[in-house]
Amino acid sequence: MATVVPGVALSSGDDLITIPVIGMGTSSSPPAGHEATKAAIIEAIRAGYRHFDTASMYRTEQPLGEAIAEALRLGLIKSREELYICSKLWCSSAEKELIVPEIKMSLRNLQLDYLDMYLIHWPLKLSEEVHQMPVKKEHIFPLDIKSVWEGMEECKNLGLTKAIGVSNFSSKHLEELLSTANIPPAVNQVEMNPLWQQKKLREFCKAKGIHVIAYSPLGASNTKWGDNRVLECDVLQDIAKAKGKTTAQISLRWLYEQGVSSVPKSFNKERMRQNLDIFNWSLTEEESNKISQLPQRKGITFASVFGPHDWLLELDAEDI
Ligand SMILES: NC(=O)c1ccc[n+]([C@@H]2O[C@H](COP(=O)([O-])OP(=O)(O)OC[C@H]3O[C@@H](n4cnc5c(N)ncnc54)[C@H](OP(=O)(O)O)[C@@H]3O)[C@@H](O)[C@H]2O)c1
């Protein structure tokens, strides 16, 4: 039986969109490969996933597009409108005149006419010669937020995406964006889980009407950018044991109860279903209090992704 995932309604300009509160992440480490990614996405659609998170950087747009076409052929979904598809603008194309061609490339990869959400992947600009991480400091620049956002707004105005948003933006980046935006960002996708709760950034986003989407909601276990400290956290494990749930489910339920959406990645048939099975039970107040007191540590930083350059270390040190 497929799970029906609840949705949250958001506005972007004049459009209203609904985001299923749990989506499937499609970035895997090490990369799962085209056919395995496609097969996992078809399995996810069978299980009830209707929200998929991709990016040009992940190289999963093509298998996602093929999986959607196959799901339509198999009758797993009746139309593309049943899905919420998010992709992201990579930093080497973060220049106003490159953005429309870039989203059109993503749409070709996905075999789609429009995206539901297009995000600025990081508030950084990379020179085009960059093909791998970390990046030499001469190839990395601060983002020209005003002009890049104008390019994002053009994508929406042309009907290439229903909504636009950002990822990895601090409240400072958001303030700058909001000071010139005609269309405010609908979402900010950031790292969030019980061990990196983003309390201040969430309060800021709430006050500005920006929906938060949690990436690495399970701490990105067994990936090159994450570790097992969420899934191996004693407090979460104890709560899981007492409730007959898994630690992953406790983390995802906690995120849901904080009012954020999340995009866990699992390409495993049982675990992807387990990650959707969080809607017909809840955490007690005592359990939530215990989780809110967990010591905090950011997992993914500008420096860990792009290189330990001085101004990136300063960005990481800024208070949200
Ligand atoms: N905007 C950004 O900059 C950004 C950055 C990072 C990630 N993301 C997005 O967020 C998505 C998810 O984040 P993530 O991949 O970093 O980390 P994650 O979803 O927190 O963790 C993924 C890892 O957890 C394992 N897993 C999944 N469900 C599990 C369960 N129930 N029990 C035990 N292990 C489980 C997965 O393995 P199996 O597949 O074997 O189950 C995989 O190794 C990505 O795929 C991507 O779409 C965005």
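Leaving aside neighbours within four places in sequence, which residues is His121 in contact with? Select His121 together with Ala55, Met57, Lys88, Leu89, Trp90, Cys91 and Ser167, which are its contacts, a contact being two C-beta atoms, placed from the backbone, within 7 Å. The model is predicted, so local features need pLDDT of at least 70 and side-chain atom pairs pLDDT 80 or more, while totals for chains, interfaces and linings use all residues. Residues are numbered from 1 along each chain as its sequence is written.

His121 lies in the loop between strand E6 (117–120) and strand E7 (124–126), strands being DSSP E runs of at least two residues and helices H or I runs of at least four, numbered from the N terminus. His121 counts as buried because it has 20 C-beta neighbours inside 10 Å; the cut-off for buried is 20 or more, for exposed 12 or fewer, with partly exposed in between. An unreviewed UniProt entry annotates His121 as "binding site", and such annotations may be inferred rather than shown by experiment.

Select Tyr118 next, which, not counting residues up to four places away in sequence, touches Ser87, Leu89, Ile103, Met152, Cys155, Thr161 and Ile164. Tyr118 is among the residues with the most contacts inside the largest nonpolar core, which has 86 residues, a core being buried Ala, Val, Leu, Ile, Met, Phe, Trp, Tyr and Cys residues joined through C-beta atoms within 7 Å. Helix H8 (residues 247–257) gives this core its largest share, six residues.

Finally, move to His309, in the loop between helix H11 (302–306) and helix H12 (310–317), where His309 is partly exposed, with 17 other C-beta atoms within 10 Å.
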